[in-house]
Amino acid sequence: MLPLHRGKTMHDSKDYDQDDDFVSKSQLKREAEAQQELGRQLVDLSAGKLDKMPLDAELLDAIQLAQRIRNKREGFRRQLQHIGKMMRHRDTAPIEQALDELEHAHHEQNALFHQLEKYRDEILADGDSAIQEFLTDYPLADRQKLRQLYRQAQKQQQQGKPPAAARELFKYLREVATA
């Protein structure tokens with residue numbers, strides 16, 4: 001081998017040039033922490049949402065165990081690390097996609113909820129004109145029922161009673177919007 005500068009040989013130089021896929025220790029640590037965080041997100045899900053995730057039996061068992069030992073700090077931390085290690089040996093793209101879809105559905109549901117609250121408040125404030133606006137957006141709604149709930153809410157408000165009719169109005173709006 002021909003010596004290069006500072007004691008390196010040509011052979012050493014070739015090995016160094018061929019190592020293009022070098023990943024730093026810091027990068028590996030960041031990736032491991034990301035996998036562990038993904039595991040933590042899975043542990044935070046309810047049983048119903050976990051059933052919708054594309055998880056193999058071994059990973060699902062580890063997540064369910066972490067959910068059971070949640071109150072023991074050190075054991076929970078170690079179980080999260082174990083889940084993170086298991087995640088490193090799996091394709092996490094489908095899991096991440098399923099989590100994103102759950103999050104997106106949650107945001108859509110919140111947006112609908114806020115829109116329905118706005119409709120309810122407008123109906124309680126404006127009466128028939130707001131009812132007509134709601135009927136324009138949701139033509140299958142029952143105008144008579146909306147007016148009846150509006151009148152009941154107005155009567156309860158004037159009498160200083162709890163807003164039971166306003167809650168009933170919101171329930172009906174949600175029922176119509178999700179049908």
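So, which residue does Glu74 form a salt bridge with, its closest N and O atoms being 3.7 Å apart? That's Arg78. By salt bridge I mean a side-chain nitrogen of Lys or Arg within 4 Å of a carboxyl oxygen of Asp or Glu.

Quick housekeeping before I go on. This is a predicted model, so local features need pLDDT of at least 70 and side-chain atom pairs count only at pLDDT 80 or more, while totals for chains, interfaces and linings use all residues. Residues are numbered from 1 along each chain as its sequence is written, and side-chain values use heavy atoms, with hydrogens and water left out.

Back to Glu74. Glu74 and Arg78 sit four residues apart in helix H5, about one turn of the helix. Helices here are DSSP runs (H or I, at least four residues), numbered from the N terminus. Glu74 also has a salt bridge to Arg77, at 2.3 Å from N to O. Those two are three residues apart in H5, which covers residues 73-88, so about one helical turn separates them.

How accessible are they? Glu74 comes out at 41% relative accessible area, Arg77 at 37% and Arg78 at 47%. Each counts as partly exposed, meaning between the cut-offs for buried (under 20% relative accessible area) and exposed (over 50%), with a 1.4 Å probe and protein chains only.

Asp128 and Arg147 meet in a salt bridge of 3.0 Å, N to O. Asp128 is in helix H7 (residues 128-137) and Arg147 is in helix H8 (residues 143-159), 19 residues apart. Asp128 is partly exposed at 44%, and so is Arg147 at 30%.

There's a network too: Asp56, Glu58 and Arg90 are joined by salt bridges that share partners. The total by this rule is six salt bridges.

Last stop, helix H2, residues 25-43. Its buried residues are Ala32, Gln35, Leu38, Gly39, Leu42 and Val43. Looking down the axis of H2, they fall within an arc of 150 degrees, so they line one face of the helix. That arc is taken from the directions from the helix axis to the C-beta atoms. And what do the buried residues of H2 pack against? They pack against helix H3 (47-51), helix H4 (57-68), H5 and helix H6 (93-126), where contact means heavy atoms within 4.5 Å. So H5, where we started with Glu74, is one of the partners of H2.

Conventions
The expected span of a helix is 1.5 Å times one less than its number of residues.
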